[in-house]
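Hi everyone, thanks for coming. Let me put something up on the screen, and then I'll walk you through one part of it.

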Amino acid sequence: MIDTHAHIRLGEPIMIDGLSWVVLSASNVADSKDNLELAKINNKLLPAIGIHPQETGNLTDLEALMNDGVAAVGECGLDFSEECDHHKQAAIFIGQIELAIKYDKPLIVHSRKAMDETLEILNSYQNLRGVIHCYTGGKKRITNVKNLYFGIDGNLTYEDGLVEVVKNIPKDRLILETDSPYLTPIPFRGETNNPSNVKYTYQKVADIWGMSFEETEKIIDNNAKKLFGLK
Ligand SMILES: [Zn+2]
């Protein structure tokens, strides 16, 4: 099992029992630096560097952190859930898309209340690989997501609408994540999340697909390995 999106703070307990890898998403430059430090502590932790759309940060500072060990760029994207300068968000998103292409890294995309605008930007690039993290585009936008993977979280265990979405996502484009410390799945809903809880989301997908846990795990882990270049 692989948790493809978690936030772990330096000094916090690293709860990754049963997992092969955990991709550490970053929200700002300080987080990005912490992720690089965490990866030195535990080689199952794969560091991403990025600036979340609701945070501020400088792309030059971000690029200065780039190295071979960086697993991905993000999370970055558009978030129109609060009033904000759409052009400013788009500029820093585009900067990170270009960073991912320049260094041949996958992109972790955050999109909230802005899926059409996000896809319009993403679809203007050809050589991009990545994931729409915590996909909220519904059934109808699935075909408009070109080449990218769909990241699904623990809310799948309690949101029926998301079950319908997962049924429509191609099996070879689905990866799973916790977004720890958020989005804790049933049976721990309401508590703080940790990466090892991703197993409940794997089980939920197995139930939806009507397959065994092991078969499901194999398919999903192959997707994640392909996206993040893991062997
Ligand atoms: Zn996140």
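Predicted model: local features only at pLDDT ≥ 70, side-chain atom pairs only at ≥ 80, totals over all residues.

Residues are numbered from 1 along each chain, as its sequence is written.

Okay, the big picture. Eight strands form an open sheet, in the order β1-β2-β3-β4-β5-β6-β7-β8, and the pairing is parallel. At the edges stand β1 (2-6) and β8 (174-176), each with a single partner strand, so one side of each has no neighbour in the sheet. On average, neighbouring strands are turned by 30° against each other, direction ignored. Strands here are DSSP runs of E with at least two residues, helices are runs of H or I with at least four, and both are numbered from the N terminus. Two strands pair if DSSP finds at least two bridges between them.

Now my strand, β3, residues 45-49. Is β3 buried or exposed? Five of its five residues are buried, so the strand is largely enclosed by the rest of the structure. Buried means 20 or more other C-beta atoms within 10 Å of the residue's own; exposed is 12 or fewer, partly exposed is in between, and C-beta atoms are placed from the backbone. Both faces are covered: L45, P47 and I49 on one side, L46 and A48 on the other.

Who are the neighbours? β2 (residues 21-24) pairs with β3 in the parallel sense over three bridges. V23 has L46 as its bridge partner, and L24 stands opposite P47. β4 (residues 72-79) also pairs with β3 in the parallel sense, over two bridges, and there A48 is partnered by A72.

Contact means C-beta atoms, placed from the backbone, within 7 Å; axes are lines fitted to C-alpha atoms, for helices over the stretch in contact, with angles from 0 to 180 degrees between N-to-C directions.
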